[in-house]
Amino acid sequence: MESGYRRRETERKNRISDNCILAEAIAANVALLFDEGKKPFLKPWDFYPDLFKKEQEAYEKAEEERQWQEYME
């Protein structure tokens with residue numbers, strides 16, 4: 001019984017933490033819409049670097065290739 005309660009409490013805390021991070025990401029990206037500096041939108045690896053390491057590397061490689069193609073045109 002206690003084990004189930006602790007598990008549900010942990011799951012709830014994880015959902016709350018994820019929702020806070022989501023709110024932070026939304027607020028940061030909305031703020032970028034009004035920023036004159038035109039910084040890039042935040043990506044998942046900005047918040048979870050270890051979890052999205054491969055995706056970040058793939059994105060950066062694709063972005064580099066896109067920039068080269070743009071440069072060559």
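This is a predicted model: local features need pLDDT of at least 70, side-chain atom pairs count only at pLDDT 80 or more; totals for chains, interfaces and linings use all residues.
Visitor: How far does helix α1 reach from its first C-alpha to its last?

Guide: Helix α1 spans residues 2-33 and has 32 residues. At 1.5 Å a residue, a reach of 46 Å is expected. The computed reach is close to that figure, at 47 Å.

Visitor: Which element do the buried residues of α1 pack against?

Guide: The buried residues in α1 are Gly4, Ala25, Asn29 and Leu32. Their packing partner is residues 44-47, helix α2.

Visitor: Is the aromatic pair of tyrosine 48 and phenylalanine 52 stacked, tilted or edge-to-face?

Guide: The ring centres of tyrosine 48 and phenylalanine 52 are 6.4 Å apart, and the angle between the planes is 55°. Planes under 30 degrees apart count as stacked and those over 60 as edge-to-face, so the rest are classed as tilted. The pair of tyrosine 48 and phenylalanine 52 is therefore tilted.

Visitor: Why does tyrosine 48 count as partly exposed?

Guide: Buried means under 20% relative accessible area and exposed means over 50%, so partly exposed covers the values in between. Tyrosine 48 is partly exposed because its relative accessible area is 27%.

Visitor: What is the angle between the planes of tryptophan 68 and tyrosine 71?

Guide: Tryptophan 68 and tyrosine 71 both belong to helix α3, residues 53-72, and are three residues apart, about one turn of the helix. Their rings form an edge-to-face pair, 5.8 Å centre to centre. The angle between the planes is 85°.

Visitor: Is tyrosine 71 buried or exposed?

Guide: The cut-off for exposed is over 50% relative accessible area. Tyrosine 71 has 63% relative accessibility, so this residue counts as exposed.

Notes
Residues are numbered from 1 along each chain as its sequence is written. Side-chain values use heavy atoms; hydrogens and water are left out. Helices (H or I, at least four residues) and strands (E, at least two) are DSSP runs, numbered from the N terminus. The expected span of a helix is 1.5 Å times one less than its number of residues. Buried means under 20% relative accessible area, exposed over 50%, partly exposed in between (1.4 Å probe, protein chains only). Contact means heavy atoms within 4.5 Å. Rings of Phe, Tyr and Trp (its six-membered ring) pair if their centres lie within 6.5 Å; planes under 30 degrees apart count as stacked, over 60 as edge-to-face and the rest as tilted.
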